[in-house]
Amino acid sequence: MLSEELLIDRYRYEWVILKYIENYKNHYCTVSELSTILAISSYKVETYIDELNTYLSLISKDTEIYIKKSGEITCANLDYVTVKKIRIKFMRICELFNILDNFFINEIPMKKQVSLLHSSQTSSYVKFRHLKSLLNEENILIKKSRIIGNELSVRSIFFSTYYELFNGIENPFPKEIRQMTDRIIKQFSSQYIVTIPRTKEIKLAIFISVWFIRIKNKHFIQETYVDYVKNDFTKWLKKAINSDSSIDDEQIENEIGYFLMFCHFEIDNEQFVTKFMTFDLYQEAVKLTQKFISMFFDTFSYEIRDDFIEKELTNIHIKWLVYRFKNQSFIIKGKFNYFQETNPAIDKFIQDFFREIEKSTFFQSNSEKNKLYYDYLFLLVTQLPMEEIETPLNICIDFSHGNNYNSYIKMMLQSLQSMNLIFEAKISNNTKLFLSDCAMDKLNCEQLIWKKPPTSNDWKELGELLVQLKEAAFER
C-alpha cells in the first residue's frame, strides 16, 4: 500500500518507533527491545526518540516520550490521533510524497518540481525513480507527467492512500477542490434527503476529491457500471463537471454513475442506483455469493435463507470487484488474533473460503484480503445466530452476593455473545467454567475465583481463560 511506502529514511524509523510506543504504552518497553525489532543501534533509537519529542512538542506541549536510566521507555499523553498527526507532518516533509502529490493533483512535470521541492536535481530524480518503481508494482505508470493505468485501479489506490493518511485529521486537497467537494455533498444531501454520518462524510469527501481531480485532469471511466434516475441533482452535477472539464455526454453519464454507485455501497441507500449495467461483473459477484453460501452450508449444515444476507454478500462482492479498495483497518496482528480467538469457527470458514477462491488469483494483495475478511466476519457475526455456528461455552455464574449481582456480571459479559456463551445458574455436566467468589472442591470444569468487586486483572484473566476454553472446544 502506498501510504506504507511513502515514508523513507529516518522518518520511517521514527514513525514505526512512535507507533510501537503508543500501541504498547501500557506495557514494559525498552530501548534494547526497539533496537532488536528495528535492527538498528540503541544510539539510533535514542536519537530518533529525541527527534520525535521535537515534533511532538509542535503538536502538544504535554506529550513527551521519556527514556529512563534503565533503558525503559515511557510516554505522557501520547494517543493515536497524535500519532496520525505526526505521520502527516512527516509526509509533508518527505520528497517522495510531495512528488506523488504534485503529479496526482496538478500533473506538474518533474523538471518544474525540482525547483518547488527546494532539493537538488540529483536527489529529486532518485526519489522520482523510486516512486515510479512503487507505482509500477501497482501497474501504474507516469508518462509525460500523467499518472496512467487502469482508471478504476488508479482511483482506488489513490483514494485508499489519501484516506488512510488524512481521514479525520485534515483535507489534503487544494482549496478549489475542497470547495467543489463541499458543494457536491450539500447538493447531494438536499436532493436525496439523507443524513450522512460524519465518518462517512469524511470518506465521501476524499472519494469525491480524488474523483474530481481525475476528471479535471481528463482521466475518465470508460464503462457504464450502473443506470440511475436522472433528477435535479444529476443535472446540477452534470453542469458542475462540464464547467470544470469539457467532456462528452457519455463520459459524464459514466462518471455520475460511478459516483452514485459509490454512494449506493457506502451510504446504504437504494435510491441512487436502479440497475447494474456491467452484466459480467454482476454475474461474477453473484457466483461468488452462491459459492460462499454453498460452502457455508457444507461447513455448518446451516442454510443461509436470509435474503438480506445474500444481498449484502453480493454487494460486498460487487463493491470489491469494482473498487478493490485497500485499507489498514484491523491489520495489527494482535487485533487480527482477537477475532480468530473469539470466533474460531467463523474465522476458519472464511480462511477456507479464501483458499478456495485464491486458486483463481482472486486477490491482488493481502490488504485487499484483509478488507474482505472483515466485511465477511462482521456480516456473519451480526446477522447469523451464533448458537448455530460457534461451539457453545457453558458458564456457571454463582456469586455469594446474590441474584442481582449474578445478573450484573452476566450483563457485563453480554458483549461477548458472539462467542456463544450459555449462562447457567447451577453447575451441570455441560459447564466448562465456574465463575464465583467462592472456591469449590472437585469440580469437573475450570473455575475462576474473583475478588469483590472484580478488578481489571480479574476481567483480563477471564478473557484469556475464555479464549483458551473456546479454542479447546473448537478443536474437539
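The model described here is predicted.

Y408 belongs to helix α19, which covers residues 403–412. The relative accessible area of Y408 is 38%. Y408 therefore counts as partly exposed, since that class lies between the cut-offs of 20% for buried and 50% for exposed.

## Helices α2 and α3

Helix α2 spans residues 9–23 and helix α3 spans residues 31–38. Their axes come within 12 Å and cross at roughly 130°. Because of this angle, α2 is oblique to α3. The crossing of α2 and α3 is right-handed.

## Two loop residues with positive phi

Most residues other than glycine have a negative phi. A39 is not a glycine, yet its phi is positive, at about 55°. A39 sits in the loop between α3 and α4, the latter being residues 42–59. With a relative accessible area of 71%, A39 is exposed, as the cut-off for that class is over 50%.

I193 is a residue other than glycine with a positive phi, near 50°. The loop that holds I193 runs between α10 (175–192) and α11 (198–216). I193 has a relative accessibility of 75% and so counts as exposed.

Key. Residues numbered from 1 in each chain as written. Predicted model: local features only at pLDDT ≥ 70, side-chain atom pairs only at ≥ 80, totals over all residues. Heavy atoms only, no water. Helix = DSSP H or I, 4+ residues; strand = E, 2+ residues; numbered from the N terminus. Buried < 20%, exposed > 50% of the residue type's maximum accessible area, 1.4 Å probe, protein only. Axes fitted to C-alpha atoms, helices over the stretch in contact; angles between N-to-C directions. Parallel < 35°, antiparallel > 145°, perpendicular 65-115°, else oblique. Left-handed = near helix turned anticlockwise from the far one by under 90°.
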